[in-house]
Amino acid sequence: MVLFFSNSNIDTREEFEKRLAEARKLAAADGVALVADDYNHADWLEKVAKGFEQEPEKGARCARCFRYNLARAAKWAREHGLEAFTTSLTVSPHKPSQMVFFAGHDAAWEMSVALCGGSAASAPQFMEVDFKKKDGFLKSLRRSAELGLYRQTYCGCEFSRSRV
């Protein structure tokens with residue numbers, strides 16, 4: 001198992017590094033390898049937010065953001081021979097699980113289409129896991145407190161910060 005940290009949506013390098021440090025603490029506590037994706041907020045702004053700046057939270061910009069990060073996870077999973085990937089986004093009561101699932105399946109499907117010349121069977125599958133279920137959010141709060149982890153008050157992008 002690998003924790004893949006892909007968060008170019010985060011508005012500042014400082015906030016990105018702060019969250020990455022917390023992800024490292026969690027990975028170390030659980031004995032899981034952590035891989036940090038390259039941080040490129042300018043790319044995220046161009047490919048995800050441009051033209052969608054005024055979208056409400058849980059709107060089209062968020063769907064595009066989920067898709068952007070999950071596509072990066074799918075690509076990394078394929079390049080490293082993993083059969084499947086998922087996301088912890090669904091633990092948040094502020095993230096619509098069905099929107100996240102659609103983005104994950106779309107990323108997996110696009111990866112298999114890209115492999116048409118090769119073996120589509122080597123494309124990783126997206127695993128639908130709704131971490132909110134069975135008090136998942138409450139458990140995440142308790143685990144964060146236990147490990148002394150920083151908990152942010154916004155998703156990371158400047159657009160969500162302006163609405164907090």
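Reader: How many residues does the largest nonpolar core have?
Author: This is a predicted model, in which local features need pLDDT of at least 70 and side-chain atom pairs pLDDT 80 or more, while totals for chains, interfaces and linings use all residues. Residues are numbered from 1 along each chain as its sequence is written, and side-chain values use heavy atoms, leaving out hydrogens and water. Phe66, Leu70, Ala74, Phe85, Ala107 and Phe126 have the most contacts inside this core (buried Ala, Val, Leu, Ile, Met, Phe, Trp, Tyr and Cys residues joined through side-chain atoms within 4.5 Å; buried, under 20% relative accessible area). The number of residues in the core is 18.

Reader: Which helix supplies the largest share of this core?
Author: At least two residues of the core come from each of H3 and H4 (97-114) (helices are DSSP runs of H or I, at least four residues). The largest share, eight residues, is that of H3.

Reader: How many residues make up the other core, apart from this one?
Author: Trp44, Val48, Ala49 and Cys157 are among its members. The number of residues in that core is seven.

Reader: At what angle do H2 and H3 pack?
Author: The axes of H2 (residues 41-49) and H3 (residues 60-79) lie 9 Å apart.

Reader: How many charged residues are in the contact of H2 with H3?
Author: H2 contributes Asp43, Trp44, Lys47, Val48 and Ala49, and H3 contributes Arg61, Arg64, Cys65 and Tyr68 (contact: heavy atoms within 4.5 Å). Five of these residues are nonpolar and none is polar. The number of charged residues (Asp, Glu, Lys and Arg) is four.

Methods:
Axes are lines fitted to C-alpha atoms, for helices over the stretch in contact, and angles run from 0 to 180 degrees between N-to-C directions. Buried means under 20% relative accessible area, exposed over 50%, partly exposed in between (1.4 Å probe, protein chains only).
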